[in-house]
Amino acid sequence: MPPSSVSSTDSTKSTTGGVQSLERAFDLLERMADAGGEVGLSELSASSGLPLPTIHRLMRTLVVCGYVRQQANRRYALGPRLIRLGESASRLLGTWARPYLARLVEETGETANMALLDGDEIVYVAQVPSKHSMRMFTEVGRRVLPHSTGVGKALLANTPDHEVRALLARTGMPAATDKTITTPDGFLAALEDVRRLGYAIDDNEQEIGVRCLAVSVPNSPTAAAISISGPAGRVTESATDKIVPVLQQVAGELSEALASQNPA
């Protein structure tokens, strides 16, 4: 995130008409999230360009409200009240995505999903099932590890290698099937394929007989991906050539909708 361009003076309104202190508070929360959830005041000052007294005043308010907590080491961490906000926002994100997933089902015939990266796990936040009698079903709210899923690959494709290795070290790489990638080098090679091809594949890696195709949602406010999943006998190589452009187009349209102040 670029250094803050707002003035350090305590004017009531920003140039965009918003309350400046509110804009600054949200900016600090986002910088904390980008830094892993815990930072010191000097780090926030360096990244935001705001003076320490201003940051200290804002952080005191956020602590009182429960959105930030001060650790024993004097550093500041994101607070537990944000969890409820995040859970509600995730549900709404899934609601906003459903019309786009429904279009995916109409155009591809297969079950469509939306997933987010939450910490080290993938969480499914929305699904529209296929109309076929034989179809895939993933419970909304289900959590899985990234290494065995198409959405996991799509979400991690542009993450630096050392961060991916650290994540895999934390989660482990258990085999869901005999097709699951179980080594960091193998997974990093798969991510290189995602960057080269523009989409990710789960080829019987999470469940035998099931293939998934996934793409990330560009410029999403939180890391998100959409996918289709279906029997390997239907989601073939030739079907992939037809499905991927639809996935990419819908992901772009969903991205624009999420960026809008009125996504509906």
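**Exercises on salt bridges and sheet order**

Glu38, Glu43 and Arg75 are linked in a network of salt bridges (a salt bridge being a side-chain nitrogen of Lys or Arg within 4 Å of a carboxyl oxygen of Asp or Glu). The model is predicted, so local features need pLDDT of at least 70 and side-chain atom pairs count only at pLDDT 80 or more, whereas totals for chains, interfaces and linings use all residues. Residues are numbered from 1 along each chain as its sequence is written, and side-chain values use heavy atoms, with hydrogens and water left out.

**Exercise 1.** Determine which parts of the chain the pair Arg75 and Glu38 ties together.

*Solution.* Step 1: the side chains of Arg75 and Glu38 form a salt bridge, at 3.3 Å from N to O. Step 2: Arg75 lies in the loop between strand S2 (68–70) and strand S3 (76–78), and Glu38 lies in strand S1 (residues 38–39), so the pair ties together parts that are 37 residues apart in sequence. Helices (H or I, at least four residues) and strands (E, at least two) are DSSP runs, numbered from the N terminus. Step 3: Arg75 is partly exposed, with a relative accessible area of 26%, and Glu38 is partly exposed at 26%. Here buried means under 20% relative accessible area, exposed over 50%, and partly exposed in between (1.4 Å probe, protein chains only).

**Exercise 2.** Locate the salt bridges of Arg103 with Glu107 and of Glu106 with Lys131.

*Solution.* Step 1: the closest N and O atoms of Arg103 and Glu107 are 2.9 Å apart. Both residues lie in helix H4 (residues 81–108), four residues apart, about one turn of the helix. Step 2: Glu106 and Lys131 meet at 2.5 Å, N to O. This pair links distant parts of the chain, with Glu106 in helix H4 and Lys131 in the loop between strand S5 (121–128) and S6, 25 residues apart. Step 3: Glu106 and Lys131 are both exposed.

**Exercise 3.** State the strand order of the open sheet and identify its edge strands.

*Solution.* Step 1: six strands form the open sheet in the order S6-S5-S4-S9-S8-S7, with antiparallel pairing; two strands pair if DSSP finds at least two bridges between them. Step 2: strand S6 (143–144) and strand S7 (200–203) are the edge strands, each pairing on one side only. Step 3: strand S8 (residues 210–216) and strand S9 (residues 224–231) run antiparallel and are joined by seven bridges. Val210 has Pro231 in S9 as its bridge partner.
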